[in-house]
Structures are given as C-alpha cells and as structure tokens.
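Biologist: Before I rely on a model of this kind, I would like to be taken through its features one by one. Could we begin with the general idea each time and then turn to the case at hand?

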Amino acid sequence: MIGLDTNVLARYLAQDDPDQSARATRLIESLDDENPGFVSLVVLSELHWVLRRAYNVSREDVATVVRRLLDAREITVQEPDAVRRALNRPGPADFPDALISELGLLAGCDYTATFDRRAARLSGMKLVPAVDRDSASRNRSRSPAERDASG
C-alpha cells in the first residue's frame, strides 16, 4: 500500500502542472487492488479545501470526487463508512465538518463542541455555550489551581 498526499491527488485531478500531473498520473494509474493507494482522512479534508478554494470546485463535484475515491478498487480510504455518512449528511455544513461529527460519534462522543454555527446544525455537534461575563471575568482573575480547587 502506498500513502497518497493531498498534492498528488490534486495534481492528478487538476492536471494543471505538466511535470507533477504526469508523475501523479503515472503513480495513481499504476495502483491496483493488490497494491492500492491509501487516502487518509486528513488528505480528504485537505483535498476538499484545495478543490473548493484553489480550484473553485462545487461542493457537489467535490463529493463526487470523494465518492469515486471510495468506489475505486485501487484506493483504500480511511474509515470509509464514516466518510460515506459524512457525504450523505444534509444541511449547510461542509464535508470536513460532517466528517468531524461522524468521527466523534464513531469514537463514542456524546457530541463534538464547536464555535461554528453552521457545523452546530449537524446532529452530533453542539455550539459551545456562552459564558456569563461576570463569571468569566472572575474566573480569569484566578489561577488554574484556584479554579480547580473551587470546582
């Protein structure tokens, strides 16, 4: 198995650099089910970001790319079931947020805490609650040991 970095997948998909794209294509097309490429969750999240931001690819088209990676016999995707569930999550949150939520649930978390209001709309995600300003001010003036001692 050969791990594939985000830049290799991006060059293969975009075909925008003659040298690197050719090298990425040769590598990826040499993979097979006996010697597959491995795509980690970090790479999937980075690939989403690169395709959306650098190449202006739509969310739907990025989801299609990820589904094709999942379906390719010559590619092994880390936690494929969680990735599929994240892709199928309805709502305004991006794929990486849905994946974060799915991985938290898979790990047994009650929920994943976030400050991202869009992500908080996903099941398995919750906004970190606001703090009473007076209480927060008093808490900041004490040392961590004093805060721990008072509960």
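This is a predicted model: local features need pLDDT of at least 70, side-chain atom pairs count only at pLDDT 80 or more; totals for chains, interfaces and linings use all residues.

Biologist: How many helices and strands does the chain have, and in what order do the elements run from the N terminus on?

Modeller: The chain holds eight helices and five strands, and, read from the N terminus, these elements follow the order β-α-α-β-α-α-β-α-α-β-β-α-α.

Biologist: Which totals describe the chain, in terms of buried residues, contacts and accessible surface?

Modeller: Of the 151 residues in the chain, 34% are buried, while the accessible surface comes to about 9,700 Å², with 48% of that area belonging to carbon and sulfur atoms. As for the contacts between residues at least 6 apart in sequence, 51% of them join residues at least 24 apart.

Biologist: Let us turn to helix packing. What describes two packed helices, and what are the values for H1 and H3?

Modeller: A pair of packed helices is described by two quantities, the angle between the axes and the distance between the axes. Helix H1, residues 6-14, packs against helix H3, residues 41-54, at an angle of about 45°, and their axes are 9 Å apart. H1 is therefore oblique to H3, and the crossing of the two helices is right-handed.

Biologist: Which residues make that contact, and how do they divide into nonpolar, polar and charged?

Modeller: From H1 the contact draws on Thr-6, Leu-9, Ala-10 and Leu-13, and from H3 on Val-43, Glu-46, Leu-47, Val-50 and Leu-51. These residues of the contact of H1 with H3 divide into seven nonpolar, one polar and one charged.

Biologist: Leu-13 belongs to that contact. Is Leu-13 buried, exposed or partly exposed, and which residues is it in contact with beyond its neighbours in sequence?

Modeller: Leu-13, which has its place in helix H1, counts as partly exposed, because its relative accessibility is 38%. Once the neighbours within four places in sequence are left aside, Leu-13 is in contact with Leu-47, Leu-51 and Val-65. The C-alpha atoms of Leu-13 and Thr-25 are separated by 8.8 Å, with the two residues 12 apart along the chain.

Biologist: And what are the angle and the axis distance for H5 and H6?

Modeller: H5 and helix H6, the latter covering residues 95-106, pack at an angle of about 130°, with their axes 8 Å apart. At that angle the two helices are therefore oblique to each other, and their crossing is right-handed. In this contact Ala-82, Val-83, Arg-85, Ala-86 and Leu-87 of H5 meet Phe-95, Ala-98, Leu-99, Glu-102, Leu-103 and Leu-106 of H6. The residues of the contact of H5 with H6 divide into nine nonpolar, no polar and two charged.

Biologist: Phe-95 is among the H6 residues you listed. What does His-48 touch, and where does His-48 lie?

Modeller: His-48 lies in helix H3 and, residues up to four places away in sequence not being counted, touches Val-62, Asp-94, Phe-95 and Pro-96. His-48 is buried, because its relative accessible area is 6%, where the cut-off for buried is under 20%.

Note on methods: Residues are numbered from 1 along each chain as its sequence is written. Side-chain values use heavy atoms; hydrogens and water are left out. Helices (H or I, at least four residues) and strands (E, at least two) are DSSP runs, numbered from the N terminus. Buried means under 20% relative accessible area, exposed over 50%, partly exposed in between (1.4 Å probe, protein chains only). Contact means heavy atoms within 4.5 Å. Accessible areas come from the Shrake-Rupley method with a 1.4 Å probe; for residues, only the protein chains shown count as cover. Axes are lines fitted to C-alpha atoms, for helices over the stretch in contact, and angles run from 0 to 180 degrees between N-to-C directions. Angles under 35 degrees count as roughly parallel, over 145 as roughly antiparallel, 65 to 115 as roughly perpendicular and the rest as oblique. A crossing is left-handed if the near helix is turned anticlockwise from the far one by less than a right angle, and right-handed if clockwise. Ala, Val, Leu, Ile, Met, Phe, Trp, Tyr, Cys and Pro count as nonpolar, Asp, Glu, Lys and Arg as charged, and the others, Gly among them, as polar.
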